[in-house]
Amino acid sequence: MKVTSNFHLHELIDKATYEKWGAFSQRFLDKDTVLLLQFFRERYGSTTVNNWYQGGNLQFRGFRPPNCSVGGSYSQHKFGRGFDINCVKATPDEIREDIIKNQSLFMDKGLTRIEDGAFAPTWLHFDTAWTASSKIDIVKP
């Protein structure tokens, strides 16, 4: 099931949740965050979230169920508002740099936070948690 022009639902949901809920698991995702993910895809090329459906080992980089031990108890992933991604056309550091240079563009798309590269060296974590900040927060978990 496609949720945007470039993403299928199974790429954004963990295996157990997808197998239990199927298409209904779309309701566990925040629509605006998914649309922001599509923007990342359009800006940086092919984008990987989860790859378990193709036999890969990534399954908790999008929605994480409440009982998931990966990440924090109140992680934005558990509210469908956080994604960890890798893109073909840019490294995570290049993307972070682009986001900081173009904060207003990304904030207009709903981006509020990214994870500091020291804590996410090989991927980009972004989310749309409400912060009431006038700039993008750099999270250091």
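Phe39 is buried in this predicted model, with a relative accessible area of 13%. Its place is in helix 2. The ring of Phe39 pairs with that of Phe106, which is also buried, at a relative accessible area of 0%. The two ring centres lie 5.5 Å apart and the planes meet at 75°, so the pair is edge-to-face. Phe106 belongs to helix 4 (residues 103–108), so the contact ties together parts of the chain that are 67 residues apart in sequence. Both residues count as buried because their relative accessible areas fall under 20%.

This pair is part of a wider group. Ring pairs link Phe39, Phe40, Tyr44, Phe83, Phe106 and Phe126 into a cluster. Across the whole structure, twelve aromatic pairs are found. One of them joins Phe28 and Phe63. Here the rings are stacked, at 5.3 Å centre to centre and with 20° between the planes. This pair also links distant parts of the chain. Phe28 sits in the loop between helix 1 (15–21) and helix 2 (31–44). Phe63 sits in the loop between strand 1 and strand 2. The two residues are 35 residues apart. Phe28 has 23% relative accessibility and so counts as partly exposed. Phe63, with a relative accessible area of 6%, is buried.

Strand 2 spans residues 82–87 and is mostly covered, with five of its six residues buried. Strand 2 has two antiparallel partners among the strands described here, strand 1 and strand 4. Strand 1 (residues 47–48) pairs with strand 2 over two bridges. Strand 4 (residues 124–127) is joined to strand 2 by four bridges. Asp84 has His125 of strand 4 as its bridge partner.

The largest pocket has a volume of about 220 Å³. Its lining comprises 15 residues. Closest to the pocket centre are Ser75, His77, Glu115, His125 and Pro141. Strand 3 (113–115) and strand 4 are the elements that give two or more residues to this lining. By class, the lining holds four nonpolar, six polar and five charged residues.

Methods
Residues numbered from 1 in each chain as written. Predicted model: local features only at pLDDT ≥ 70, side-chain atom pairs only at ≥ 80, totals over all residues. Heavy atoms only, no water. Buried < 20%, exposed > 50% of the residue type's maximum accessible area, 1.4 Å probe, protein only. Pairing = 2+ DSSP bridges. 1 Å grid on protein atoms, 1.4 Å probe; cavity = no way out; pocket = protein on both sides within 12 Å on 5 of 7 lines; lining within 4 Å. Points joined across faces, edges and corners; volume = space filled by probe spheres on them. Nonpolar A, V, L, I, M, F, W, Y, C, P; charged D, E, K, R; others polar. Phe/Tyr/Trp six-rings, centres within 6.5 Å; stacked < 30°, edge-to-face > 60°.
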